[in-house]
Amino acid sequence: MSSVKKRDFQFSGHETFTLRQNWIYKVVTFCNEALKKNKQVHFNDSHTVVSLGVGKNIVSSMKWWGYQTGFLENIDNKTVPTELANLIFGSPFSDKEPLDPFGETLTTAWIAHWNLCSQANRLTALWYLFNIYNDQTVTREILQKRVEAFAEENNIRVAETSIRRDVEVIFRAYCFGGKNRKENFEDKVDSFFGSLGLIALRDDSTANFEICRTKRPTLPTPLFVWAVLDHWQRINEVSPSKTLDWYEISFAANSPGRVFKLSESDLNERLEQFEQLTAGKAIWTDQLGIKNLICSTASVDFDKLKKDMLIRAFKG
């Protein structure tokens with residue numbers, strides 16, 4: 001990976017705050033209200049602090065999480081909600097009913113997790129944990145050392161304190177319990193990712209955590225399909241193909257199997273529903289041990305199909 005550039009990775013930016021339950025809703029709503037009034041969106045002035053009802057550092061953290069989870073983007077040097085954000089939370093410029101207007105469902109949390117973990121340039125330490133790290137148990141110290149080694153291997157200059165803070169935020173965001181009981185109680189009450197059950201505390205006295213592949217009953221299968229299509233779409237940007245093999249879906253870096261930590265049986269059951277959910281546009285085949293997803297037509301509109309899957313994920 002010697003050719004990978006520094007901008008392909010991301011360390012720090014969260015101001016040591018974990019993503020809280022209503023933050024994405026708040027920043028998306030704040031941006032849309034400003035845009036509706038034809039005003040520039042600012043996150044660094046006193047008006048924003050008052051409007052969002054939090055301190056300056058938390059405002060910075062909220063904005064950062066909004067970008068990293070794929071709900072905010074920069075267009076013409078302006079911070080605006082993404083199309084995904086407007087589809088989920090609603091937009092003042094559209095009369096379409098929002099899918100999850102206050103961001104309260106686990107489906108929205110799964111989407112944020114996917115966007116955060118399926119690309120190395122969102123929060124590299126978290127991406128590493130889900131896509132490169134292979135052991136079923138982990139500690140803060142082990143993850144920090146592994147990420148430090150990864151950064152050194154890729155010639156990335158990053159302070160040890162930055163990596164340590166990233167690691168601390170990860171475990172506070174995804175798992176309840178640990179060193180600071182008061183801090184973790186506050187995170188637990190308002191955690192965005194904790195209820196996904198992706199990281200579990202194994203032994204509170206030694207801070208050993210488990211990160212295992214298992215069945216994920218709270219993950220809607222249409223959302224799994226959406227993630228597979230998103231992964232396939234990114235691969236096609238580099239090397240277009242009408243097929244996607246089982247390994248790329250289940251074990252490759254940035255794959256749904258990795259990011260959602262799905263057991264093989266759960267993953268295979270979901271793949272078998274692909275043809276039905278996509279109305280035959282993509283078909284799952286398993287012949288003589290060769291497992292592939294195949295586009296059944298000359299061209300598939302991935303964006304439209306992904307949007308259909310998102311709507312089904314929320315509405316059933």
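Modeller: Let us start with a term: two residues are in contact when they have heavy atoms within 4.5 Å. Helices (H or I, at least four residues) and strands (E, at least two) are DSSP runs, numbered from the N terminus. The model is predicted, so local features need pLDDT of at least 70 and side-chain atom pairs count only at pLDDT 80 or more, while totals for chains, interfaces and linings use all residues. Residues are numbered from 1 along each chain as its sequence is written, and side-chain values use heavy atoms, with hydrogens and water left out.

Colleague: Happy with that. Which residues of α1 are buried, and what covers them?

Modeller: Buried means under 20% relative accessible area, exposed over 50%, and partly exposed in between (1.4 Å probe, protein chains only). In α1, the buried residues are Trp23, Ile24, Val27, Val28, Phe30, Cys31, Asn32 and Ala34. Their cover includes α2 (46-52), α3 (56-68), β1 (72-75), β2 (78-81) and α4 (83-89).

Colleague: What span should α1 have, and how far apart are its end C-alpha atoms?

Modeller: The expected span is 1.5 Å times one less than the number of residues. For the 14 residues of α1 (residues 23-36) that gives 20 Å, and the end C-alpha atoms are 20 Å apart, in agreement. After α1 comes Asn38, with a positive phi near 60°.

Colleague: How do I read the sides of a helix such as α7? Which of its residues are buried, and which are exposed?

Modeller: The general idea is that an α-helix has 3.6 residues a turn, so residues three or four places apart point the same way. In α7, Arg140, Leu143, Gln144, Val147, Phe150 and Ala151 are buried. They cover an arc of only 125° around the axis, which puts them on the same side of α7; the arc is taken from the directions from the helix axis to the C-beta atoms. Lys145, Glu152 and Glu153, on the other side of α7, are exposed. Among the elements covering the buried residues of α7 are α6 (124-131), β3, α8 (160-174) and β5. Asn155 follows α7 and has a positive phi, near 55°.

Colleague: β3 and β5 again! In what order do the strands of that open sheet stand?

Modeller: Strands pair if DSSP finds at least two bridges between them. Here three strands form an open sheet, ordered β3-β5-β4, with antiparallel pairing. β3 (137-138) and β4 (200-203) are at the edges with a single partner strand each, so one side of each lacks a neighbour in the sheet. β3 pairs with β5 (residues 208-210) over two bridges, and Thr137 has Glu210 as its bridge partner in β5.

Colleague: And how many bridges join β8 to β6 and to β7?

Modeller: Three bridges join β6 (residues 243-245) to β8 (residues 290-295), antiparallel, with Leu244 opposite Leu293. Six join β7 (residues 282-287) to β8, also antiparallel, and there Gln287 stands opposite Ile290. The hairpin of β7 and β8 has two residues between the strands, and Leu288 takes a positive phi near 55°.

Colleague: Which residues have the most contacts inside the largest nonpolar core?

Modeller: A nonpolar core is a set of buried Ala, Val, Leu, Ile, Met, Phe, Trp, Tyr and Cys residues joined through side-chain atoms within 4.5 Å. The largest has 95 residues, and Phe71 and Ile199 have the most contacts inside it. Helix α10 (residues 221-238) gives the most to this core, with eight residues. Leaving out residues up to four places away in sequence, Ile199 touches Leu129, Phe130, Ile170, Phe171, Tyr174, Cys175, Phe209, Glu210 and Ile211.

Colleague: Cys175 is on that list. How many disulfides does the structure hold?

Modeller: A disulfide is a pair of cysteine sulfur atoms within 2.5 Å, and this structure holds zero. For Cys175, the closest cysteine sulfur is in Cys212, 12 Å away and too far for a bond. Cys175 is buried, at 3% relative accessible area, and Cys295 is buried at 8%.

Colleague: One last stop: is Pro256 buried or exposed, and what is it in contact with?

Modeller: Pro256 is in helix α12 (residues 256-259) and, at 0% relative accessibility, counts as buried. Setting aside neighbours within four places in sequence, Pro256 is in contact with Trp114, Phe224, Ala227, Val228, His231, Ile249, Lys261 and Leu262. For a contrast, look at Ala279 in the loop between α14 (274-277) and β7: at 62% relative accessibility, Ala279 counts as exposed, and its phi is positive, about 55°, although it is not a glycine.
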